[in-house]
Structures are given as C-alpha cells and as structure tokens.
Amino acid sequence: MRARVDLIALQRELKQRIKILSADTVYLGTPAGEQSVALLQQRLEKVDFILDNFELIDWLVNPNSGIKRDDLVNQDKVNPNG
C-alpha cells in the first residue's frame, strides 16, 4: 500500500491540476475538458476518503499492519484530525 505521504502528494497535485484546468476557459470549452476536470475531482474525492480512513484501509489490506482491531474502535485511539 502506498504511504500516506504519497497520497498527500497526489492530493496536492490533483488540487493544483484542477485549479489550473478550471481557470482555462478554452480547455473547459472542449468536449472532453469539462468531463476530464470532473473525473479529476472524483479522483480527488477518493484520495480524500482514503486519507480520512487510512488506518482502517491499512488494517484491511496490509497483513503486516501494526494496527489492531481494538485500535480502530477505541475512542481514545481515534484521531479526529486525521
């Protein structure tokens, strides 16, 4: 599984690309322009979701994860700030 820093970098790159493309009225006027920006926004939403649930996903897919099921349900171990 990718590291959290890789996801943060991807998130930053997607935000920047969306910002640039959204300001390009010529590109948005093309048949594929608006659809491409919408798809990038969907990817950004998915990256945001993964980052918000990184510990849960890591526990689910990584057999060598140090995260225990108790860590996922213990209110004292939940970090509300991500």
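Biologist: What span does α1 reach from its first C-alpha to its last, and what is expected at 1.5 Å a residue?

Modeller: In this predicted model, α1 has 20 residues and reaches 29 Å. The expected value is 28 Å, and the span is close to that.

Biologist: Which residues of α1 are buried, and why are they said to line one face of the helix?

Modeller: The buried residues are L7, Q11, L14, I18 and L21. Seen down the axis of α1, they fall within an arc of 110 degrees, so they line one face of the helix. On the other side of α1, V5, R12, E13, K19 and A23 are exposed. The cover over the buried residues of α1 includes α2, α3 and α4.

Biologist: Why is Q11 called buried?

Modeller: The cut-off for buried is under 20% relative accessible area. Q11, in helix α1, has a relative accessibility of 17%, and therefore counts as buried.

Biologist: What is Q11 in contact with, leaving aside its neighbours within four places in sequence?

Modeller: The contacts of Q11 are L44, V47, D48 and L51. As for D48, 37 residues separate it from Q11 in sequence, while the C-alpha atoms of the two are 7.3 Å apart.

Biologist: How do you know that the buried residues of α3 are on the same side?

Modeller: The residues in question are G33, V37, L40, L44, V47 and L51, which are buried. They cover an arc of only 75 degrees around the axis, and this puts them on the same side of α3. Exposed residues on the other side of α3 are E34, Q35, E45, K46, F49 and D52.

Biologist: Which elements do the buried residues of α3 pack against?

Modeller: They pack against α1 (4-23), α2 (25-28) and α4 (54-61). Taking V37 as one case, and not counting residues up to four places away in sequence, V37 touches I18, L21, S22, Y27 and L28.

Biologist: What makes up the largest nonpolar core?

Modeller: Such a core is a set of buried nonpolar residues joined through side-chain atoms within 4.5 Å. The largest has 10 residues in all: L7, L14, I18, L21, V37, L40, L44, V47, L51 and F54. The elements giving two or more residues to this core are α1 and α3. With five residues, α3 gives the most.

Biologist: How many helices and strands does the chain have?

Modeller: There are five helices and zero strands. From the N terminus on, the order is α-α-α-α-α.

Biologist: Why is the chain called more spread out than a compact globule?

Modeller: The globule rule gives 12 Å for 82 residues, and the radius of gyration of the chain is 17 Å, well over that, so the chain is more spread out than a compact globule. The C-alpha trace spans about 50 × 25 × 15 Å along its principal axes.

Biologist: What share of the chain is buried, and what share of its accessible surface belongs to carbon and sulfur atoms?

Modeller: Of the 82 residues, 18% are buried. The accessible surface comes to about 6500 Å², and carbon and sulfur atoms hold 54% of that.

Biologist: What share of the contacts with a separation of 6 or more joins residues 24 or more positions apart?

Modeller: Residues 24 or more positions apart account for 48% of those contacts.

How values were computed:
Residues numbered from 1 in each chain as written. Predicted model: local features only at pLDDT ≥ 70, side-chain atom pairs only at ≥ 80, totals over all residues. Heavy atoms only, no water. Buried < 20%, exposed > 50% of the residue type's maximum accessible area, 1.4 Å probe, protein only. Helix = DSSP H or I, 4+ residues; strand = E, 2+ residues; numbered from the N terminus. Arc of directions from axis to C-beta. Contact = heavy atoms within 4.5 Å. Rg over C-alpha atoms; globule rule 2.2 N^0.38 Å. Areas by Shrake-Rupley, 256 points an atom, 1.4 Å probe, with all protein chains shown as cover. Expected span 1.5 Å × (residues − 1).
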